[in-house]
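Biologist: I am new to this model, so please take one part of it and go through it slowly, giving the cut-off behind each term as you use it.

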Amino acid sequence: MDLFKSIIMGIVEGLTEFVPVSSTGHLIIAGKILNFTGELASTFEVFIQMGAILAVVILYRERFIKLFDFKSNGGFAGMNGILLLGATTAPALLAGLAFHGYIKEHLFTTSTVAVGLGIGGLALLAAERFDKNPNKFSLDDIRWKDALLIGLFQCLALWPGTSRAAATIVGAMILGLDRKTAVEYSFFAAVPVITAASLYDLYKDWHLMSAGGGAIFAVGFITSFIAAWFSIRFFVKMLSHSTIQVFAWYRIAIAPFVYFFLR
């Protein structure tokens, strides 16, 4: 592992974590191209996710602070907001704990990524059809049923290449959230599930992280943070005048290439 690979992987993680193209899938593809695979690579990829998570927490810090305003009685704030995120997070955490070993051993391949990219692209196109008549236009409009069902959709992201962001956005739009609100909720839903999954992986493989050199991990973390910062700002700005179909067509376009040429 060297500094160049650390920077490239950090950029890939940051640019793709919060847009519906699958950061895990793109890290697997990048790792294949850079010949950066194995246990150390997997631990590094988990660690740099935290850089992307830090970016969204800082960008939406006022909303995150409101989650800890326990004087609030409803909406996406205070205890109600925390419990809504809990309802969204629990299904993916439980499914992840149950199938973690199998997924790591059998599904982290470019072939499965290609399938996830293609099917996920079609799902994004379908979700745009549900956005014609949304009935929820704010995070404060999200209810318990919405949060839980979005969490069940999030479980689909356990298949590499599907994309956690895509799964939550598609689920939210099907449930009646408008596009912007669906995307914003996907940002918040990322924080607890990715943080929990990352801490679990790092706890198991901490010896690999220390063996890999702290400086390399730090560079990847910082690069991921910077790339995610710009990616989130671009994505939100894009939503003001565009749909998410561009991501759908991108996924569909690269899926055959990944399947046939990067196996």
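Modeller: The expected span of a helix is 1.5 Å times one less than its number of residues, and helices here are DSSP runs (H or I, at least four residues; strands, E, at least two), numbered from the N terminus. This is a predicted model, in which local features need pLDDT of at least 70 and side-chain atom pairs count only at pLDDT 80 or more, while totals for chains, interfaces and linings use all residues. Residues are numbered from 1 along each chain as its sequence is written, and side-chain values use heavy atoms, with hydrogens and water left out.

Let me begin with helix H9, which covers residues 179-204. Its 26 residues, at 1.5 Å a residue, should span 38 Å, and because the end C-alpha atoms lie 37 Å apart, the two values agree.

The next thing to look at is how helix H1 (residues 3-16) lies against helix H11 (residues 214-239): their axes come within 7 Å and cross at roughly 30 degrees, with axes taken as lines fitted to C-alpha atoms, for helices over the stretch in contact, and angles running from 0 to 180 degrees between N-to-C directions. H1 and H11 are therefore roughly parallel to each other (under 35 degrees; over 145 is roughly antiparallel, 65 to 115 roughly perpendicular, and the rest oblique). Where the two helices meet, by contact of heavy atoms within 4.5 Å, H1 contributes residues including Leu3, Ile7, Gly10 and Gly14, and H11 contributes residues including Ile216, Gly220, Thr223 and Ala227.

Serine 22 has a positive phi of about 85 degrees although it is not a glycine, and it counts as buried because its relative accessibility is 2% (buried is under 20%, exposed over 50%, partly exposed in between, with a 1.4 Å probe and protein chains only). Serine 163, in the loop between helix H7 (144-154) and helix H8 (164-174), has a positive phi near 90 degrees and counts as buried at 5% relative accessibility.

Finally, glycine 121 sits in helix H6 (residues 110-130) and is buried, at 0% relative accessibility. Leaving aside residues up to four places away in sequence, glycine 121 touches Ala248, Arg251 and Ile252.
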